[in-house]
Amino acid sequence: VIGYAARRVLQAIPLLLGIVTVTFFLVRMAPGDPMDLYLDSDRRRTLDPEAIELIRQKHGLDQPIHVQYAKWVANVARGDFGESFRHRRPVNRLLAEAIPFTLQLTVLALLLDALVGISLGIVAAVRQYSLLDRVVTVGSLVVYAMPGFWLALMLVLLFSVHLGWLPTSQTRSFDYEFLSLSGKLVDRLRHLVLPVFVLGVASAAGTARYMRNRLLEVLSEEYVVAARARGFPERTVILRHAVRNALIPIITIYGLSLPFLLGGATIIETIFAWPGMGRLTVEAVGGRDYPVIMATTTIAAALTVLGNLLADLAYAWADPRVSYGGKRRA
Amino acid sequence: VASPRILLTAIVLPAAAGCDRGPGSDPDTLVLLYESDEWVLGPSNDDSPKFLVFLPLADSNWRCWGRERWEAERGWPPPGVARSWERSGDGRVWTVRLREDVRWHDGVPVTAQDVAFSLELWKDPDVGWYAGAPVASVEVLDGHTVRFTLERPGDWPLQGWEVFLPRHLLEALPRDEFFTWDFWRQPVGNGPFRYVRHVPGVMIEFEANPDYVGGRPGVDRLVLRLSSALPLTELLSGRVDVAPISPLDALKLAGDPRFRLRFSASSTAVWLFWNLRRPPFDDPAVRRALTHAVDRRALHGALGYPEGLPLTDGIYDWCAFYREELAEPVPYDPVEAVRLLEVAGWADADGGGVRVRDGRPLRFELVLEDRYLPAGVVLQDQLRRIGAAVTLTSVEQSIVNRRFLAGDFDAAIPRRSGLMETFGEGSPFGYENPRVAELLRARRTAVEDAEREAIGRELGEITRAELPALFLFPRTTTWAARSRVGGLERLYESGNMMGVEHLRLEPESR
């Protein structure tokens, strides 16, 4: 296993380098200039061209693009993503502030997705063609097709504006610091409910449909029939034999969700004013904040590669027919 | 099977733990919505609400109006550390006398040394701020008098770095760490509100500064809610008292007794630029016809702006804007527009609705950013009525500006830079008038007010005659406030929140 993982990690290095190289040049080829920030007559501080040139020099933007690229790669190899043009602060600090918020959101959303999606998929498959199956099938289709931003706004209107039960946005209340420990926990949960629900439920709808179909396939397999013929209780047959096998491809899906964990959810983070990676990325793209764009892209690329690797490892672990050498056992 | 129940519990239980009353329901706290959540008071945020905490040297309008007119118009004294100022005959030396009763929030008096220190700080290459007027030197004459010498004659020397910093707190800090000083997270200012605490991504809390030179602010506690969420939902849910909203959102709140609206126009305007290097915009008659064809009052109404928004044509001086001395705009007159086009040879011969001259249709592309798309749709409709076909291209702001600066457009609504760069030599939209370029240069170094005003008048006359660009509307901030908020008419500066100290919570609503 270790040898296989090491090989995959080595193979990932040129892949990663390729991704960030293409991104580096694409971002710089895109229209727009980070220095536009200082040319806007709306703003109070418009700078002389000489001052803008000084700032350009300070950030190395006056140098040939291949020189900029070489410097960037050298700095990243040392773990330094540079300084944000917009925030004038080290990108590493911005990431350190944003990542915990994104993780809160995405880990809970993935858990909700797994819990609800897999459960509903199992129920729908086990009770195929029942009323419950039809409700789950149609409901998951509707939710899956529903735009996340629309669902988010509708929930805000209902639970925050009309009912006043939940906050409209942000991560905690103003008086959070003065709450008891349980009060703080409740306050955090209340702020998490809507964004986690919106993120999780849309994914859960897809998971439920996938799980249902996979489980139906597995339930018709001979070994399931054999298990039933041996007199195992139906609950054991489904949970121990069928579900475990039906889950194997879903492991791959969750492995590929790894970039989402740190990449964040741009629209949901914006709607709920959640100060995570998604919002940081959107702001960076809008402001042509190259160091931040490159940092978030590099992280997303690395996580995608890592997610693939983990999914492959988990797949082989869950399915004894798959070997690390790439040969399928009989 | 249990999952739906768990899901429902996850939603309902936390909610049941206590309905979210929202901070906006606190009778003693005024809550303002502020979109940014990063370094709100820091130096890298140009639109920061810094005037909550810091006093400017002198407010822009005060410089235009003079103290007497300011007080007569506004009914309260102008904010600022400066008491008075005078300039030398050549316009290079400015001597500014400071008020002696202004103190930092820690009780230390604000002195000329603070002003000199701040200027030195802004210009220090280690700091890397690069902003500021071309000030060659600054000299402290006494504890409350400071003299600036400019590199060239010019206007008010302190554009761009109007906020002064406490020397006694910052002198010893490393300058190469300027942007990460803790001071920006816990600023000690000299303005109407004192910093209390900052919860990143959530809020900044302030308390009234009882020693504020402009008098005690109208509210004891002020909270900036840092949220990029939709302002309308924040207002409707009662979580904020005051929020800047879009004019179109203002239409939704108009007539709702729970809210009050305030429109505050700034002296900068949104312009539509014709590309004068391309036909048909190289023909002044066509430009005049198109200007006559646009009903700008109707445009303002459609966009949710109030009636009576300042409107003009041609270049104007910002002081003329604040003094309400703008020249009359070209009137809306579609009949005259059609006549001018007919005379210029543009005719709708085939009745297809689009005028044609020499086989070339009166059809052009208007490049604009998303936020101006509603305005573009109204313009498209109004111009269609006189036989001009407009295609709208909506792209992000930086692309509009790039295309504008490269001359790659027919018509565009960019965010322009200064007048000199836009209308002077090398104009990106092809405006070439040597006299205008000369006047713009002279305007930059004009010393006397009368001279500046005379230059402004001539610039206005020339550009109103030539109509190289179409004035659409002044940039306007639309504020919405819950009905419990009084003093909204005194809120006049958008990003920097000038005038917030005049807001109050109405006693009857408590």
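**Exercise 1.** Which side chain meets that of Glu97(A) in a salt bridge?

Solution. The model is predicted. The partner of Glu97(A) is Arg89(A), with an N to O distance of 2.7 Å. A salt bridge requires such a distance to be within 4 Å, and 2.7 Å is the value for this pair. Next, take accessibility. Glu97(A) has 31% relative accessibility and therefore counts as partly exposed. Arg89(A) has 0%, so this residue counts as buried.

**Exercise 2.** Locate the salt bridge between Glu342(B) and Arg355(B) in chain B and classify both residues by accessibility.

Solution. The closest N and O atoms of Glu342(B) and Arg355(B) are 2.9 Å apart. Glu342(B) belongs to helix α11 (residues 334–343), while Arg355(B) lies in the loop between α11 and β11 (356–357). The two residues are 13 apart, and the pair links distant parts of the chain. Glu342(B), at 42% relative accessibility, is partly exposed; Arg355(B), at 7%, is buried.

**Exercise 3.** Determine the geometry of the aromatic pair formed by Phe183(B) and Trp184(B).

Solution. Over all chains, 29 aromatic pairs are counted. In the pair of Phe183(B) and Trp184(B), the centres are 5.3 Å apart and the planes make an angle of 80 degrees. Angles over 60 degrees count as edge-to-face, so the pair is edge-to-face. Both Phe183(B) and Trp184(B) are buried.

**Exercise 4.** Find the ring over which the charged end of Arg28(A) sits.

Solution. The ring is that of Phe24(A), whose centre is 4.1 Å from the charged end of Arg28(A). In chain A, the charged end of Lys184(A) also sits over a ring, that of Tyr176(A), at 5.6 Å from the centre.

How values were computed: Residues are numbered from 1 along each chain as its sequence is written. Chains are lettered from A and ligands numbered from 1 in the order in which they are written. This is a predicted model: local features need pLDDT of at least 70, side-chain atom pairs count only at pLDDT 80 or more; totals for chains, interfaces and linings use all residues. Side-chain values use heavy atoms; hydrogens and water are left out. Rings of Phe, Tyr and Trp (its six-membered ring) pair if their centres lie within 6.5 Å; planes under 30 degrees apart count as stacked, over 60 as edge-to-face and the rest as tilted. Buried means under 20% relative accessible area, exposed over 50%, partly exposed in between (1.4 Å probe, protein chains only). A charge sits over a ring if NZ of Lys or CZ of Arg is within 6 Å of the ring centre and within 35 degrees of the ring normal. Helices (H or I, at least four residues) and strands (E, at least two) are DSSP runs, numbered from the N terminus.
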